[in-house]
Amino acid sequence: MMSDLRVDDLSPEQQDLWKRVNDLWALSVERNAEKIRSTLHPRYMGWDMNSPVPHDRDTAVQSVLGDSPVVEDYQLRPLSIEVYDHVAGIVHYTYSATVAPKGATSFRVTGKWTEIYLKQGDQWVMIGVSGRPDHSSDASDASA
């Protein structure tokens, strides 16, 4: 069982990967489609496990745009950050976020994510994600 992970105790490479995770959440708040798209591998496949099937890069980008709930704030807690042969990385973490659906009251959602990255040049590019909001969240069908 993993205990609280201290980012300061991680290698520089692991810290860089954790920074990338945080940067992607910040881009979700910003809601810039082109910036978000550039962080995802063209063959990215992810799975919000509340959905019956995995989704592609275009679906991932749309999940933070348009009528999707706006992420107002968030906190991330790393559980495991591993880098393999300087080219692949896997991050497991929990999140807590306030989201505001269009025309509705903001609410808090929590959940767990696993993100998989490929290092291309000096950038970590997301190739996959899997997770879901916790069932105890105010709205179990919202994802952040």
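Predicted model: local features only at pLDDT ≥ 70, side-chain atom pairs only at ≥ 80, totals over all residues.
Strand E3 covers residues 70-84 and runs antiparallel to E4, joined by 13 bridges.

I then followed E4, residues 88-100, for burial. Of its 13 residues, 10 are buried, so I noted the strand as mostly covered, with buried taken as under 20% relative accessible area.

On to E5, residues 107-120, which pairs with E4 in the antiparallel sense over 12 bridges. Val91 has Glu115 in E5 as its bridge partner. The hairpin of E4 and E5 has six residues between the strands, and there Gly103 takes a positive phi near 75°.

Next I went through the salt bridges; the count is nine. Asp73 and Arg108 meet at 2.6 Å, N to O. Asp73 lies in E3 and Arg108 in E5, so this pair ties together parts 35 residues apart in sequence. I have Asp73 as partly exposed at 30% relative accessible area, and Arg108 as partly exposed at 28%.

I also looked up Arg37 and Glu34, whose side chains form a salt bridge at 3.0 Å, N to O. Both lie in helix H2, residues 33-39, three residues apart, about one turn of the helix. Glu34 is exposed, with 55% relative accessible area. Glu34, Arg37 and Asp58 are linked in a network of salt bridges.

My last entry is Lys35 with Glu30, a salt bridge at 3.1 Å, N to O. Lys35 is partly exposed at 41%, and Glu30 is partly exposed at 43%.

Note on methods: Residues numbered from 1 in each chain as written. Heavy atoms only, no water. Buried < 20%, exposed > 50% of the residue type's maximum accessible area, 1.4 Å probe, protein only. Helix = DSSP H or I, 4+ residues; strand = E, 2+ residues; numbered from the N terminus. Pairing = 2+ DSSP bridges. Salt bridge = Lys/Arg side-chain N within 4 Å of Asp/Glu carboxyl O.
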